[in-house]
Amino acid sequence: MRSVVRVAAYLPAGSSGGVRVAASDEDAFTLGATAAERAWVDRVRVSDPVVVHLLGDYPSTADWGFPALLGRGAEVVRHPGDGGELARALRSLEETGEGPALVVAAELPERATNRERPAPSPPGAAAVAYFLETSDQPRPFRLGPASGSPSAVALALRRENSDDGGLRSDTYVGDWDLAPAAGRPVDLELVRRGAERNLSAVSEGAYVPRPRYLENLPSRWRFAADECDACHEVTFPARGVCRRCRRRDALTAILLPRDGGRVVAVTTIGKGGQPTEFDAQVEVSGPYQVALVDLAEGVRVTLQVTDAAAGEVRVGDAVHTLLRRLYPMEGEWRYGRKAVPAPPGTTERRER
Amino acid sequence: MLRGFNDSVDKTVREAEALAHRAAIVGAGHTRFGVLEAGPRALVRTAVDAAFRSVDRGADRKDVSEAFLATLGFGGSQIGNSAAVLAEETGVVGVPVTRVENACASGGFALRSAVGALASGASPLVLVVGVEKMTDVSNARRRYWLGVSGDTEWERLAGLTFAGVYGLIASRYFAEHGDASEALAEVAAKNHENGALNPNAHFQKKVSRAEVRAAPRVADPLGLYDCCPVSDGACALLLSAPEVARKFTDTPVYIDGTGAGTDFLAVQERASLTRFRATQRAAHEAFRSAGWHRSDVSFLEVHDCFTIAELLALEDLGFAGPGEGAALTLSGETRRGGRLPVNPDGGLKAKGHPIGATGVSQAYEIFLQLRGEAGARQVAHAGHALAHNVGGAGATAAVSLFSVG
């Protein structure tokens, strides 16, 4: 039986407290923002067949990268937004049995196309992702009336699961990490203008074209790597070939630990030291750190540090990682993992 | 795997060791480095004209049989096919011209390509030109371009330009070997002092260690004065086969060995942040091919794009042990009057760093120094010199060894 693990990135319309800026499809992308979500994503192995149900109307390109996030074999099922989408999703969930599934619903503002400004969010816009899983002690899978708008469903779900894992209406992370917990005053107008400027900008130099960005998502979002059965070298990012012995036929897909990495080098980027695509972020939230993090012995990744004061993270610190927004480019938000200070007492994870 | 590769290099090198000199520099020209009015075409013209004028017994443009152009194409203007621009601006239209683009190491690799072309025996005279025009674009566009030669899919997406990557490297160096802030400040102060005596240098003023350490941080622990400037400039060399060099001048400067290497583009894939394997390999190959020892070298031109890079260079080239570059620098031995002067022209730090021109300009300085023509910044007893040119944060590197007489 499936139970609802969590509602992620729920964006109630008109939320107060300066938390929400604009709802869009990408807001549902904050997978891994909490321990419950990370646990869910962690339990999904690279080779697991995951079914992703998208509720509502999405532009054809917007599979949201979930297949890449969840594994190479993820299947996307679309349920058109004619009012019956939730019912159809529930039916197919029953039919697909016990495997992990992800249901994503959203009311989207009109999607920004390349080089166009994003349309302003309509009132009431919301995005919500339901993480479903098999459990020994299942909570009943209840979604109330199997119809209604995604935001109405989200509200109902939130009520029904309010004792589940610290869900709060203001649980929102995403817009350059302006989480209320960070205690920073948020200038919403600045954020909006910065985002629009970047979204409408045409790249002038070094950037990652969309196809390259998408091709690396399993490594960038889940730390997917290849372990060589012949020489035991771990190749990260995964290349489909062992970086030491060049064998292609002896690779096992693995996921590197996403929590408990160790900082081996860290720098604080001062004003003007950032690439231009980070200008708006610096304007909004100030200087940031970038760390080189040991995920496992000898396997390293370069990550921006977030939810920490500049200078807070030092060499030797343990860090966890979260999937966060990087920057918008050519009409689209780019996502990647960032590092956050691990709670005191966290022991380093060393297993592969 | 690397061991086997080096062995095969060694074998090739041993076979070639019969040749004492591989090429000769018979002429060299240099523009001012800095924020200049001139565009890239005028810079190329000026440097090449000066190179021809410098040939003691004269050289004819008709004798040039091949040319190499080192440039990144910074800013995106004439990013493609700039070889033809070199040909038409310098009066060698018709001969083959090859553009070499290995980021900041373009010049060193172009020089190596020219040596190879001369070794083939087909070319009596080869022209090597490095040029970059960097200050004619907006600040935003410039910062866009300053990261294009690093890893874009990991380092850039995390918010790093080269200052940031070298900031990480410096952070790791401190973690492994202790705080080296004073040595970094000494690198900047020393190179500024040398640059103050170089009429072509971008910065011709001294700065104190205290000023370096007090400057705003760009990528902690690196501050503004730990970074080389963004400069315009060009440099040109005329190379001949060693056996005909004296047709052009009585004091040719010989290239006795070259080496080059590569590494993973992103530092996250390397075993060490504080050792550049590309530099180590390049130095190994160069010294083997020349049959030199480290102790033969009188002075160094090294790639100090950021102050930490000079410490790494001293160590990776074999002039200091791991972590000992800081102590060697603080001992004063790398100053102009020291036992092993480093960057007597001011280095990238003070002379400036027009990307494609830098590796060629290092050979220019060596050409002057070994001929005793370096004026106020002349190094005493300069007989053998090394040039070290790095692309990106150690992803590519070229090393050349020079002698006179």
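Let's start with one residue, B:T161. B:T161 is buried, because 27 other C-beta atoms lie within 10 Å of its own. Buried means 20 or more other C-beta atoms within 10 Å; 12 or fewer means exposed, and anything in between is partly exposed, with C-beta atoms placed from the backbone.

A word on the source. This is a predicted model: local features need pLDDT of at least 70, side-chain atom pairs count only at pLDDT 80 or more, and totals for chains, interfaces and linings use all residues. Residues are numbered from 1 along each chain as its sequence is written, while chains are lettered from A and ligands numbered from 1 in the order in which they are written.

Back to B:T161. It lies in the loop between α6 and α7 of chain B. Helices here are DSSP runs of H or I with at least four residues, strands are runs of E with at least two, and both are numbered from the N terminus. What does B:T161 touch, not counting residues up to four places away in sequence? The list is A:G273, A:P275, B:R143, B:L146 and B:G147. Contact means that two C-beta atoms, placed from the backbone, lie within 7 Å. B:L146 is 15 residues away along the chain, and the C-alpha atoms of B:T161 and B:L146 are separated by 6.6 Å.

Next, helix α7 of chain B. It covers residues 162-177, 16 residues in total. From first C-alpha to last, α7(B) reaches 22 Å, close to the 22 Å expected at 1.5 Å a residue. That expected span is 1.5 Å times one less than the number of residues. How many residues of α7(B) are buried? The count is 12 of the 16, so the helix is largely enclosed by the rest of the structure. Among the buried ones are B:F162, B:Y166 and B:Y173. What do they pack against? From chain A, β9 (259-269) and β10 (288-296). From chain B, α6 (152-156), β5 (217-219), β6 (222-223) and α11 (307-316). After the helix comes B:G178, with a positive phi near 90°.

Now the contact between the chains. It takes 33 residues from chain B and 31 residues from chain A. On the side of chain B that touches chain A, the largest share comes from α7(B), with seven residues. By class, that side has 17 nonpolar, eight polar and eight charged residues. Nonpolar means Ala, Val, Leu, Ile, Met, Phe, Trp, Tyr, Cys or Pro; charged means Asp, Glu, Lys or Arg; the others, Gly among them, are polar.

On to the core. A nonpolar core is a set of buried Ala, Val, Leu, Ile, Met, Phe, Trp, Tyr and Cys residues joined through C-beta atoms within 7 Å. The largest one holds 172 residues, and A:A291, B:V128, B:V129 and B:Y166 touch the most other members. Helix α14 (residues 355-370) of chain B gives the most to this core, with nine residues. Leaving aside neighbours within four places in sequence, B:Y166 is in contact with B:A219, B:L222, B:F306, B:I308, B:A309 and B:A393.

Now the sheet of chain B. Nine strands form an open sheet in the order β3-β2-β4-β7-β1-β8-β11-β10-β9, with mixed pairing. Two strands pair if DSSP finds at least two bridges between them. The edge strands are β3 (97-100) and β9 (299-301) of chain B, each pairing on one side only.

Look at β4(B). Eight of its eight residues are buried. In a regular strand the side chains alternate between the two faces of the sheet. On one side of β4(B) sit B:L125, B:L127, B:V129 and B:V131; on the other, B:V126, B:V128, B:G130 and B:E132. Six bridges join β2 (residues 64-70) of chain B to β4(B), running parallel. B:F68 stands opposite B:V128 there. Eight bridges join β4(B) to β7(B), and this pair runs antiparallel. B:V129 stands opposite B:A236 in β7(B).

Last, a helix beside these strands: α2(B), residues 40-54. It has 15 residues and reaches 21 Å, close to the 21 Å expected. Its buried residues include B:P40, B:L43 and B:S54. What covers them includes β1 (23-30), α3 (82-90), β4 (125-132) and β7 (233-240) of chain B.
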